[in-house]
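Please look over the sequence and the model shown here, and then read the notes on backbone geometry and on pocket lining.

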Amino acid sequence: MNANILDFGTEKIFVGIARRGLNENIMLQGSGESKYAGFCDGEFLEPFKLPEALAEAISNAAKSARQRIEHIVVGVPGEFTTTVCKEVRISLQKKRIVTANDVDLLHEEGNSFNNVNGYTLINSQPIYYTLESGGRFIDPVGLESSKLGGLISYVLAENRFLDMARGLLKELGINSIEFVSTLVAQNMFLFDDVVRDKFVVLLDSGHLTTSVSVARGDGILAQYNVPIGGSHITQALSLEYDISIKQAENLKSKVMLNLSLDENAVYAISSTDSSRADELQFNAIKVNEIVASCIKWLASTVTKSLKLCTSDYPDYIPYHLTGGGLSYIKGAPDLLSKYLERPVEIIAPSLPLLEHDPHLSSSYALLDTALRLIPEVEKEKPMSFLKRLFRKR
């Protein structure tokens, strides 16, 4: 059975249609994408062009898969979500085996967000569970206790984003819509249980923004939005050398921050779009300094954001970098590591042929989540949202 997703990036809208293949692989059946102005600081930059861009991506995906899209899972970017963590406890009345229904009741006990102005709960998952015997558990079902508790992460989405997406999709004939946090999907997809249980700090650096999340277990502890992305490096090069954005992107692709360069070393690009045109040459050391200053700016802002995190995650864990904003600049992770004073590792989907494509992390994470949301055919009654989303891999 196919699953359909909609991923709002800061440069492109991506619509994917996929099914589950052998060894739990994700088999893409069709896809469509469209470039658009994106969003920053919680606002779409050209909202009047959004309907056309969304229609193009959905139409192209449907055509490539040769099927009509009637249901879709929409990823809500970190820019439009907030996370609240709560310690929650319930009594089971007597000592007995903990059931999945008990877990659902625990999550609902902490759900006090029905009357929160401007927000709707879209994800609820555990950082950990606790029983009367002590200790922390990621899955208490089947264990014996008279009490059940846990630290639960609730992700809320801005109603204005949800209403906008619903309205545009309904105009395109799609009325069956589910929303999930893109950050939750990424953390669940990119890291296995063992890694997540030791804390994860993920930097998803895109075209215009960088989403920062601190996660543990199956939930997000804290999230921050940094309005700095790969386009800021492009703009800095464009302004410094008075060249077009396209030329600046070309120049950025030549950058090698991990090499010791001679003072006469240059980066060369075409002076126009023509392959026969003369070359433009730029002092490599100066270009590297411009790029490095942008990365330092990002690192400084990320550091300030993470200082607000109340969770005392270990000093030894690396930060993970994904997305297309910085990952493809040679030497950028090492320089970012220097400025953050932490190891930085690039992470991408651990699927065949995608291990070197961090810009696809959010889209494939949403596809993985959407496939897990499909009710098991053999069950008479569909599983609850919580159980469906957090089946163990």
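This is a predicted model: local features need pLDDT of at least 70, side-chain atom pairs count only at pLDDT 80 or more; totals for chains, interfaces and linings use all residues.

## Backbone positions with positive phi

Most residues other than glycine have a negative phi. Glutamate 24 has a positive phi of about 65° although it is not a glycine, and this glutamate 24 sits in the loop that connects strand E2 (12–20) with strand E3 (26–35). With a relative accessible area of 48%, glutamate 24 is partly exposed, because that class covers values between the 20% limit for buried and the 50% limit for exposed residues.

Leucine 353, also a residue other than glycine, has a positive phi near 70°, and its place is in the loop between strand E18 (344–346) and helix H10 (361–372). Leucine 353 has a relative accessibility of 76% and therefore counts as exposed, the cut-off for that class being over 50%.

## The largest pocket

The largest pocket holds about 890 Å³ of space, and its lining is made up of 39 residues, among which Glu11, Gly206, His207, Gly324 and His359 lie nearest the centre of the pocket. Several elements give two or more residues to this lining, namely the strands E1 (3–8), E2, E3 and E12 (200–205), together with the helices H4 (182–190), H6 (230–241), H7 (245–254) and H10.

Sorted by class, the lining of the largest pocket comprises 20 polar, 10 nonpolar and 9 charged residues.

## Elements named in both parts

Key
Residues are numbered from 1 along each chain as its sequence is written. Side-chain values use heavy atoms; hydrogens and water are left out. Helices (H or I, at least four residues) and strands (E, at least two) are DSSP runs, numbered from the N terminus. Buried means under 20% relative accessible area, exposed over 50%, partly exposed in between (1.4 Å probe, protein chains only). On a 1 Å grid over the protein atoms alone, a cavity is a set of points where a 1.4 Å probe fits but cannot get out, and a pocket is an open set with protein on both sides within 12 Å along at least five of seven lines; lining residues have an atom within 4 Å of a point. Grid points are joined across faces, edges and corners, and a volume is the space filled by probe spheres set on the points. Ala, Val, Leu, Ile, Met, Phe, Trp, Tyr, Cys and Pro count as nonpolar, Asp, Glu, Lys and Arg as charged, and the others, Gly among them, as polar.
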